[in-house]
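Here is a short briefing to read alongside the sequence and the model. Please keep the viewer open as you go through the points.

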Amino acid sequence: MSAPFKTLVKDGLWDNNVVFAQMLALCPAMAVTTSGANGLGMGLATTAVLVVANVLVALIRGVVSQEVRIPVFIVLIATLVTVVDMALNAWLHELYKVLGLFIALIVVNCAILGRAEAFASKNGVWPAFVDGVAMGLGFTFALTVIGLIREALGSGTLFAQASQLLGAHFAFLEIRLHDQGGALLMILPPGAFAVLGFLLAGKRLLDTRLKTRADANAAKTSE
Amino acid sequence: MAFNKLKAHPLYQPLLLGVVTLLASAALALAARATQEAILEAEARDLRASLTQVLPVGFADNDLLADQVEVDVGAKNPLRVYRARQGDGADNSVRGVVFKVVGQGYGGEIQILMAINRDAQILGVRVLKHTETPGLGDKIEAAKSHWIAGFIDKTLATANWAVKKDGGDFDQFAGATITPRAVVKAVKEGLETFARHKTALLGEPEEKSP
C-alpha cells in the first residue's frame, strides 16, 4: 500500500502535476492567478471539490456504464460544486465573499473531470481519495507559484490580501516588496502565458537534468 | 454476471442518466432548502453592515432595514429606499436615504449601495456585488483600495462626473477603465434619480417640499 501511495503523491505534486505536466485546467490557472492569494484560494476550493468528486466517482464506478459515464460525471461534479457554493454562502459567508467568484468556475475545470475519468473511475475509494488530495495540492502549488510570480513582478507585493482569505492570523504573509507598482503586463493575461511558459520550460529543463544525472549514476554503478 | 447483462441492455443508459439526474436534482433541492434561511440571514447581515458603512457614524439611529419603502422612479422596477432618521418624536424626519444602483461593468453587473443626505450630497458609496477582474477591476471594493471614498461629499454640481481619461474628476485604474467608468456612471445616475424624485424618496408630502 505504501509504494503506490508514495507514487500517487509524487505524481500529483510533481511528475504528473495537473498544470505543469498534464497541462489541464489552464483556464483557471491563468485567469485567476493575478495574485498569490487568489491562486491559493482557487487551488484550495478546487482541491475540496476534486477530493469529493474522486471519492464519489470511485464509489459509483461499478454502476456507471462506459457509454454514459461522461454525462454522469459532469452532472455529479456540477451538483457538487453548486452544493459547495450554497453551503459556503450560507455558513462561511466571509470566505464566500472572497472565493465566490471562483467557485462557479470549478465546474468547468477539466482537471476534475480528467481525474474522474482517468483515475477515480478505475480505482478504489482510498486511492481515489489520495489521488484527489495529491492532484489538488499539486494544482494549488502550481496556481500559487504562478500567482506569486505575477504578483511580485506586476504589483510588487507577495500574498497581498491573504488575510482576507485565511483569516487575520496570516497577515504576516503579506509582504510589500517595493512601492513602484510593477509591470502591468504581468497582471494582464499575456503575463500569465509568459509566466506559465517559463515555468514549463524550467520544469522540463530540471527534469532532463535530473534524468541525465540519474542515468549517469546508474551507468556508473552497473560498470 | 447478471448485472453485466443488465448493463448491456439498451434501456440501461437512459435509465441510469435519468436516475442520476433525479438524484442530483434532489440533492440540489435539499441543499437549497437547507441553506436558504442561512443565506438570507447572511445577506441581511451583509446589507445591514453595508448600510452602516455608507452612513457616517451617528448619522442615523433607526433600523434602516425596518424603515424601507419602494418608490416608483419611472424605471422597470420600483426603487427600494432605506431611510435614515435620527431621534424620535415629531422631529425624526428623514435625514438621508440609502438605495441601490446598478452599473454595467467589464464582467457584468456591479451592484452599488449609495447614501445621499437631504442636500443631495453623497454620504458614502459601497460596492455590494461585482464580477470584475480580480486584481484589476476589484479596486472598487473598499477592502482593496480607498478609491470608493472619493465620492464622499460630492454632489451633481461639485464634480465632473467621469473618469480622468474621459476628462472627469475620478481616477481610473491601471489596466481597468471600464470598471470605474461604470461605477461613476451608476453613482451619477443615482444622484440624478434623487434630484428628480427627491420628495418621493424622502417621503414628504408635495406641498411641504421647497
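What follows is a tour of the two chains, one topic at a time.

This is a predicted model. Chain A carries 10 helices and 2 strands, while chain B carries 4 helices and 5 strands.

**Order of the elements**

- In chain B the order from the N terminus is α-α-β-β-β-β-β-α-α.

**Overall dimensions**

- For chain B, the globule rule gives 17 Å for 210 residues, but the radius of gyration is 24 Å, well over that value, so chain B is more spread out than a compact globule.
- The C-alpha trace of chain B spans about 85 × 45 × 30 Å along its principal axes.
- For chain A, a compact globule of 223 residues would have a radius of gyration near 17 Å, and the value of 19 Å agrees with that.
- Along its own principal axes, the C-alpha trace of chain A covers about 65 × 55 × 30 Å.

**A helix to look at in chain A**

- Helix α7 of chain A takes in residues 125–154, which makes 30 residues.
- How far apart are the end C-alpha atoms of helix α7 of chain A? They are 42 Å apart, which agrees with the 44 Å that the helix should span at 1.5 Å a residue.
- Just after α7(A) comes Gly156(A), with a positive phi of about 70°.

**Burial and contacts**

- In chain A, 42% of the 223 residues count as buried.
- In chain B, buried residues account for 40% of the 210 residues.
- Take the contacts in chain A between residues at least 6 apart in sequence: 76% of them join residues at least 24 apart.
- For the contacts in chain B between residues at least 6 apart in sequence, the share that joins residues at least 24 apart is 45%.

**Surface and charge**

- Chain A has an accessible surface of about 10800 Å², and carbon and sulfur atoms make up 71% of that area.
- Chain B exposes about 11600 Å², with 55% supplied by carbon and sulfur atoms.
- Among the side chains of chain A, 15 are positive and 13 are negative, and the centres of these two sets lie 6 Å apart.
- Chain B has 25 positive and 25 negative charges, and their mean positions are 7 Å apart.

Conventions:
Residues numbered from 1 in each chain as written. Chains lettered and ligands numbered in written order. Predicted model: local features only at pLDDT ≥ 70, side-chain atom pairs only at ≥ 80, totals over all residues. Heavy atoms only, no water. Rg over C-alpha atoms; globule rule 2.2 N^0.38 Å. Buried < 20%, exposed > 50% of the residue type's maximum accessible area, 1.4 Å probe, protein only. Contact = heavy atoms within 4.5 Å. Areas by Shrake-Rupley, 256 points an atom, 1.4 Å probe, with all protein chains shown as cover. Lys, Arg positive; Asp, Glu negative; His and termini not counted. Charge placed at Lys NZ, Arg CZ, Asp CG, Glu CD. Expected span 1.5 Å × (residues − 1).
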